[in-house]
Amino acid sequence: MSTSAADQTAPVTQNNHPHFGGIPADQAPAELPSRQPPRIDQFLLMHSQRLDHWREVTVLAEGWRDGVQRREEVREAFAAIEAVDTYHAFPGARLLTALRDKIVANDPSGAAQLARRISNALLTRSYRDRPSEWEPSADIDPDAVAEVLPPGLDDNEAHRPYFEVLFVSAQPPSRWPLLSDELRRLRRREDAFIYEPVFVGSFEDAICATVANPAIISVVIPEGFPFRSRFDAPVLRAVLESLAVTDDRDTSALRLASTLNRIRPELDIFVLSERRVEDLAGDPVADCVRRVFYAVEEPLEVHLSILEGVRGRYETPFFDNLKRYARRPIGTFHALPIARGKSIFKSEWIRDMGAFYGLNLFLAESSATTGGLDSLLEPTGNVKRAQELAARAFGADHVFFVTNGTSTSNKMAVQALLAPGDIAIVDRNCHKSHHYGMVLSGVQPVYVEAFPMTEYSMYGAVPLASIKKALLALRNEGRLGRVKLLDLTNCTFDGHMYNVRRVMEECLAIKPDLIFLWDEAWSGFARFSPFLRPRTAMGATADIAAWLRAPSSVQAYEAQVRELGENPTEETLLQTRLIPDPSKVRLRVYQTNSTHKSMSAIRQGSMLLVKDVDFHTVEAQFREAVFTHASTSPNQQLIASLDVARRQMELEGYGLVMNAIETALRIRHAVNTHPLISRYFHVLGADEMIPAAYRQSGFIDYLDASVTWADAVRAMREDEFYLDPTRMTLVCGTAGFDGTQFKGLLASEYNIQLNKTSRNSVLLQSNINNTRSDVAHLIRVLVDIARGIDNRLAAGAEADRAAFDARVRSLMKDVPDLPNFSRFHDVFRGDAGETTPEGDMRTAFFSAYDPALCEYMPLFGAECDRRLQDGPEMVSANFVIPYPPGFPIMVPGQVLTPETIEFMRKLDVKEIHGYEKARGLKLLKPDAIESKRNAVPPKVAGRGARAA
Ligand SMILES: Cc1ncc(COP(=O)(O)O)c(C=O)c1O
């Protein structure tokens, strides 16, 4: 059978299409793991599996050389790899042909040596820098290759970044190597970057390559190519269907361009046409195309445009300028003596700081906003430009860089969008910055509750029905005009992603000008995954905006109006998936993200993204919010890192996020299937994190054997909540550890740091920096701990086993109920509606400043119980926020209930902000506050008094 990448025509009939991680069953040797039934997570493992497959071929070839493997096995494994490699530049047709020839010519030593060479080059990425790696006859010692270090710390500016360009071509595959050579001849020494072409011949193959190969960052599309791939791949079909690419009638370049743009909006796309280029360029769909070329024009122009497009993404205006600034000999007669490092490096006593951080940190420090630097507070130069580039990358209209974390971004957004007396519907379980922002702005919050996950002492996310109920209740009270904002966390700490589009559409159907603030502190990186993007604020906003532009949106709205009638009941509105009126909708969406939490920004680096059609009406307020909250001495390195993080995500974010997802799936699979680890530990699946009622598609989990890729896509599109796979709740209560204890053990004994804890679980987060070695280390550690428990229990007495069981029972069963927000005390209801729960939290907060209006109540005393039973009601004076879980159990002005007190009493955490154990709960005295409020204000001495 011919196995050339150029002429391979064998149809793939299995669900495990090779380009999505598996090997066709008719080609795979029996030993290969991919012969097993394809699991949905296999699709998402395709990148790292490619290396595994090459390793597998190498091992088989070496086995053949050593006489322990048959040639047939090598040939089959290699044939499978060839198909996968169609979408990658390296090893390319020449090396693949050479390897195939060696197998055919019965040359086991040659085959083993070449397979190892290729495999090593892929592993170390040396092919990116060494032209000899591409030569079949190059004399490279494969063992020497193994010593090549991966790109490391000594990378300097002489390094030319490498990328790959996808060329869709109607030419026969046999001509592709020739075309590649022609493109290589266009290279010039002065090119800042270097690229290799990847050729494909159809619409479907172009999509496969874009999905499978993260190194592709530019695409060139001519007119005239077939639709169908040479491979029959149901998995691929499902992906295409999810993108609404279901028929093969239209294979125009623009259609392919817009499909690729939806998958990876950061790609540069160039279209070549031999006719009607003017029409093409003027088509609105061409908005996603960087440039349209008349096809017969000079190929050098295309080459230069590709490089220019990459330069546009590589450019980091603030960072570039800071590097230039650091090189200049600058004398400072200004603050910040640390700048230029002289006080450090000349010091007898603090020189080690200089040695530790290096000279550049100090050369790049400055208090100045002149001399080429810009001001974060009033940007006009390179900060402004860097923010504009970030807006492009993240799909926003405007971006504010923030240097004090998303804690500050949230307060800025709340202050800029809301005035005293405005009502905001807000997740009570959201980060404290929202609550404090509302106190400072005098906003009246209507708290909505996330669904509880009592058994794990954590919350999920807020059901849409609760949000709609809150809006409808406010509407019934005639207070909808006062409601300005819906404020939610997406994804939640524990990985619940909202159906962002649905939430916004249904809310806009009730209040067409409602503003949305999505706190995506944890999931800024999700923008760069086609899989997760639709569930991000900016992804969903783009989808809604496209829907609003389509005439079908008006038809859909009018059909629903006809169906529901003039005055649908509240029940009907709650039961119906509401469609907003496109003629009334004002799409106003804000997102905050802790860039430092999921991308390569320095701690506290955060962004506030704006996609608001009415931004001009609040722009001045945003400027005030920046002046209120931003430091007048923002850290230069932090701003630079935001600029660089954006560059990285635009150029390699897709692969990095895929890596984070792959890492997570590997951990999930390894923990839950390992015979020893799974005896004591377990990573919760989607079915355990999200109640069935919110998984309308019936999706179970990534690891479930019955779930297909199509199921996962449907779940992602339809389900009310979806689990971000990178956030892994590892249950450790079943191993006898509470979360804090287990986190401490991993940190102190095993050098593993992890995210938050609950009573019986810890949260593992995979990220763009994780490697498979990290996964291996974690799995080794869990094996070690599990074995320790096993041995202890086996060697111990019956009493020890009973003690262990009791501890597990206590951690897993004796869990406190999670208390809901009760209500604001009447004194702090302000001018709230009769039946709606908003409150005047600011008055309550500032009342706590007056000791005469406060009292303390020991949490565990009998007096506390008596007050709960007989009154007067106890009212919290401040926020009380235990860590974990990290959300306010009490807010200022909130009436305390037996549930709240019981939860507080059962808390076994050390850190509780707003609660002093020695003095007890700080309470307000509503009567005293009421009396003070009613007292006649004392006469003020001054002009008015004199006049009187
Ligand atoms: C949901 C959420 N929002 C905002 C923040 C605050 O972000 P930062 O640490 O960047 O200030 C956090 C921090 O943990 C968070 O979990």
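Two strands are said to pair if DSSP finds at least two bridges between them. Helices (H or I, at least four residues) and strands (E, at least two) are DSSP runs, numbered from the N terminus. This is a predicted model, in which local features need pLDDT of at least 70 and side-chain atom pairs count only at pLDDT 80 or more, while totals for chains, interfaces and linings use all residues. Residues are numbered from 1 along each chain as its sequence is written, and side-chain values use heavy atoms, with hydrogens and water left out.

**Strand β4 and its partners**

Select β4 (268-273). Five bridges join β3 to this strand, and the two run parallel; valine 220 stands opposite phenylalanine 270.

Why is β4 largely enclosed by the rest of the structure? Six of its six residues are buried, where buried means under 20% relative accessible area (1.4 Å probe, protein chains only). Asp268, Phe270 and Leu272 lie on one side, and Ile269, Val271 and Ser273 on the other.

**Helix α10**

Select residues 253-263. Eight of the 11 residues of this helix, α10, are buried, among them Leu256, Leu260 and Ile263. Display also β1 (162-168), α8 (203-212), β3 (216-222), β4 and α11 (277-282), which are included in what covers those buried residues; contact here means heavy atoms within 4.5 Å.

**The ligand**

The shell comprises 13 residues, the closest being Thr406, Ser407, Asp519, Ser594 and His596. Helix α18 (405-417) and helix α25 (595-598) each supply at least two residues, and α18 gives the most, with four.

Now display the polar contacts (pairs of N or O atoms within 3.5 Å). A polar side-chain atom of aspartate 519 lies 2.6 Å from a nitrogen atom of the ligand. Oxygen atoms of the ligand are found 2.7 Å from a side-chain N or O atom of serine 594 and 2.8 Å from a polar side-chain atom of lysine 597. Taken alone, the ligand exposes 390 Å², of which the protein buries 85%, by the Shrake-Rupley method with a 1.4 Å probe.

**A three-stranded sheet**

Finally, select β20, β24 and β21, which form an open antiparallel sheet in that order. The edge strands are β20 (854-857) and β21 (875-876). Between β21 and β24 (residues 921-924) there are two bridges, and serine 876 has leucine 923 as its bridge partner.

Methods
A residue is near a molecule or strand if one of its heavy atoms lies within 4 Å of it. A polar contact is a pair of N or O atoms within 3.5 Å; within protein, one must be able to donate a hydrogen and the other to accept it, and residues adjacent in sequence count only if both atoms are side-chain atoms. Buried means under 20% relative accessible area, exposed over 50%, partly exposed in between (1.4 Å probe, protein chains only).
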